[in-house]
Amino acid sequence: MTDHQIINEKVNSHFQNIGSSDTSPNVYNPLIEMPHPWRSVYSPKTINDLDAIKKLIDPITVDELQLMIKTLPNHKAPGPSGISYELIKKLPSSFLKELVDFYNHILSTGILPDSWQDALLYPIPKPIWWDNDIKHTRPIVLLDTFRKLLVKIINARLNYYLSSNKILQPNNRAGTQGSSCMEIIFTIQSAITAAKQLNKKLYIMIQDLSKAYDRVNIPLLRRALLRICIPDNLIDFIINLFTDRKNSVLFENFIGDQYDVLNGIDQGESICPLLWVIYYDPMFQLINETTDKEYMGIEFETSLPRNIHRFDIDDRHIEKFSAKVLGYLDDTTWLTSDLNCLQKNLEIADSFYQLANIKINKDKTVILSNDKKEQSDIINISFGNDSINVKLQPMGKGTRILGVHLHADGTNATTLSKINSMVNYTSFLIRRKKLTHDHVIYVINKVIIPRIEYLSQHIFFQPLIVQNLTHDYALYSKIPYNYHATLITQLSIVGFTLTL
């Protein structure tokens, strides 16, 4: 297919309907009363700090604007206006005062300029070969930079509001201040370690949501914002960001015709990760509040002596550990020791997914288990009214969760293999390069160590393993022996900090 008009029509149709295919028949409709039990879940929360709510809509100041401008990255593609962040950084103070007045007027009225509703969409290929199939691309939206600057200010305020008041559920705080994927990784690893030491069954189901941002139901997003007591005019501003929009697709040699965006939120908007966790949070609340035994996830208990110098069986500290579901944006991980309990919790999830028009990517759903009696490579799971076949990973094979490799039986073979491969490959690349020792130190500090730190954040390395890694690096990269010795000394098992 080479005709520009036909290509444009096909591509526009794909992106216009990307989030509206397979729409749930039970999707939220503001004209129909919300079903039980979601009606109570979506009732507004009690926020004791009223000043925190007021700060969300305080007038923007020139100082606040200047601080945000300083954080803007360079070398980013501008939106339809062609105005870059570099140009905004050079604006005179007199213009900034006018811009502040303009922004405050938008926040007080909730009305956006018409030009802010136009955007450019650039399809980026996924890691797999796209084979000329538009379905194998990820849409990135290029928005007006002045719009993005205002949204960044609101995003910072909203982030502070959510984190300082602990409004979101503790197992769904991706993107908020003070949280990261580390908490989720540590929780999963703790479950694996506890199950192994206590000889308990453990099932971990990793679930991927399909086209999460594109399927967001805007009326339900409004209800989710009302639930956390966001002021009305700020809600109007946020909802208007994603209403009456038009996109044009960027092709290699031309810009396509505009098409109407029917639903969803933009992939390229800085506030979207926060809006997603707000949108997704009601499901976590209901699952966390459902404490019946048949909805149990994992619950482990152990005891520790209060005084390590005197053994007293009655003088011990009881430590409990429990979890059901963990969320990090569109990655959801379920933990259970009983598949029947998992299926009861999935009934709640399925009810929410239908209400919120969320679709599960069944092909990417997998289960890890430490149960040696599980011989099949497929487990049939009841998911609400549906039944799905989920792939069960073999006992000796783990899977990647948030970038790290985890095994249900607690082994770390995959992690060590990945680190070895990475070290050897990097060493091979630089072996024939004309590098000074300073270059090598830079590669170690800025490339190798950060990667090792992330891949191994959930495990401890024995000194011998560290020696083997550094020996291989010294051998293949041909750095002098004294640097090899220093590397062994400084590459500590705790933090991998290196100073040569």
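**Briefing: a predicted chain with a reverse transcriptase annotation**

An unreviewed UniProt entry places the feature "domain: Reverse transcriptase" at residues 105-383; UniProt positions follow the numbering used here, feature names are shortened, and annotations may be inferred rather than shown by experiment. This is a predicted model, where local features need pLDDT of at least 70, side-chain atom pairs count only at pLDDT 80 or more, and totals for chains, interfaces and linings use all residues. Residues are numbered from 1 along each chain as its sequence is written, and side-chain values use heavy atoms, with hydrogens and water left out.

**Confidence**
- The protein chain averages a pLDDT of 86, and 91% of the residues score at least 70; pLDDT is the predictor's confidence in each residue, from 0 to 100.

**The annotated stretch**
- Residues 105-383 come out at 35% helix and 24% strand, with the end C-alpha atoms 47 Å apart.
- Helices (H or I, at least four residues) and strands (E, at least two) are DSSP runs, numbered from the N terminus.

**Helix H10 and its cover**
- In H10 (residues 232-241), Leu234, Ile235, Phe237, Ile238, Ile239 and Leu241 are buried; buried means under 20% relative accessible area, exposed over 50%, and partly exposed in between (1.4 Å probe, protein chains only).
- Cover for those buried residues includes helices H3 (50-56), H6 (93-109), H7 (145-164), H9 (218-227) and H11 (272-289), along with strand E4 (245-249).

- Arg157 sits in helix H7 and counts as buried, at 12% relative accessible area.
- Arg157 and Leu56 are 101 residues apart along the chain, yet their C-alpha atoms are separated by 5.9 Å.
- Setting aside neighbours within four places in sequence, Arg157 touches Lys55, Leu56, Ile57, Asp58, Pro59, Ile60 and Glu64.
- Ser210, in strand E3 (residues 203-210), is buried because its relative accessibility is 18%.
- With neighbours within four places left out, Ser210 is in contact with Arg215, Lys359, Ile360 and Asn361.

**A nonpolar patch outside**
- Tyr425, Phe428 and Leu429 make a nonpolar surface patch of about 350 Å².
- Phe428 belongs to helix H13 (residues 413-431) and is exposed, with a relative accessible area of 56%.
- Patches are made of residues with over 30% relative accessible area and no salt bridge, joining like charges within 9 Å and nonpolar side chains (Val, Leu, Ile, Met, Phe, Trp, Tyr) within 5 Å.
- A salt bridge is a side-chain nitrogen of Lys or Arg within 4 Å of a carboxyl oxygen of Asp or Glu.

How values were computed:
Contact means heavy atoms within 4.5 Å. Accessible areas come from the Shrake-Rupley method with a 1.4 Å probe; for residues, only the protein chains shown count as cover.
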